[in-house]
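The sequence and the model are shown first, and the description follows.

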Amino acid sequence: MFVCLCTGVTSQVVTELVAGGATTSKQIAEKCGAGLDCGRCRRTVRAIIESARTDCPVHKAG
């Protein structure tokens, strides 16, 4: 699914960046451009980050 229509970034790209250590929408924007133009995708980017955090056993334990 496309997350950012302005730059053509998909949810897979964002998920991979989160898996690689990105923890904020600003970090995602710096790495792939999602959220830099109109900003409408920032909420979705943050939701993907939060989902990864709650799915992570390390963050669940803490």
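The secondary structure of the chain comprises four helices and two strands. In sequence order, these elements follow the pattern β-β-α-α-α-α. The model is a predicted one, and the values below are computed from it.

**Overall burial and contacts**

Of the 62 residues in the chain, 27% are buried. The chain exposes about 4300 Å², and carbon and sulfur atoms supply 53% of that area. Among the contacts in the chain with a separation of 6 or more, 45% are between residues 24 or more positions apart.

In soluble globular proteins, nonpolar side chains tend to be buried together. Here the largest nonpolar core has 13 residues, and those with the most contacts inside it are Val3, Val14, Ile28, Ala34 and Val45. At least two residues of this core come from each of strand S1 (2-4), helix H1 (11-19) and helix H3 (42-55).

Which residues does Ile28 contact, leaving aside its neighbours within four places in sequence? Ile28 is in contact with Val14, Leu17, Val18, Ala22, Gly33, Ala34, Val45 and Ile49. Val14, Ala34 and Val45, which are in contact with Ile28, are also listed with Ile28 among the residues with the most contacts inside the core.

**Cysteines**

A disulfide is a covalent bond between the sulfur atoms of two cysteines. How many disulfides does a search of the whole structure find? The search finds zero. A pair of cysteine sulfur atoms would have to lie within 2.5 Å to count as a disulfide.

| Cysteine | Nearest cysteine sulfur | Distance |
|---|---|---|
| Cys6 | that of Cys38 | 3.7 Å |
| Cys41 | that of Cys4 | 3.9 Å |

Cys6 is in no disulfide, because its nearest cysteine sulfur is 3.7 Å away and the cut-off is 2.5 Å. Cys41 is likewise in no disulfide, with 3.9 Å to the sulfur of Cys4.

**A residue of helix H3**

Arg43 is found in helix H3. Is Arg43 buried or exposed? Its relative accessible area is 67%, so Arg43 is exposed. Arg43 and Ser25 are 18 residues apart in sequence, and their C-alpha atoms are 8.6 Å apart in space.

Notes. Residues numbered from 1 in each chain as written. Predicted model: local features only at pLDDT ≥ 70, side-chain atom pairs only at ≥ 80, totals over all residues. Heavy atoms only, no water. Core = buried A, V, L, I, M, F, W, Y, C linked by side-chain atoms within 4.5 Å. Buried < 20%, exposed > 50% of the residue type's maximum accessible area, 1.4 Å probe, protein only. Contact = heavy atoms within 4.5 Å. Areas by Shrake-Rupley, 256 points an atom, 1.4 Å probe, with all protein chains shown as cover.
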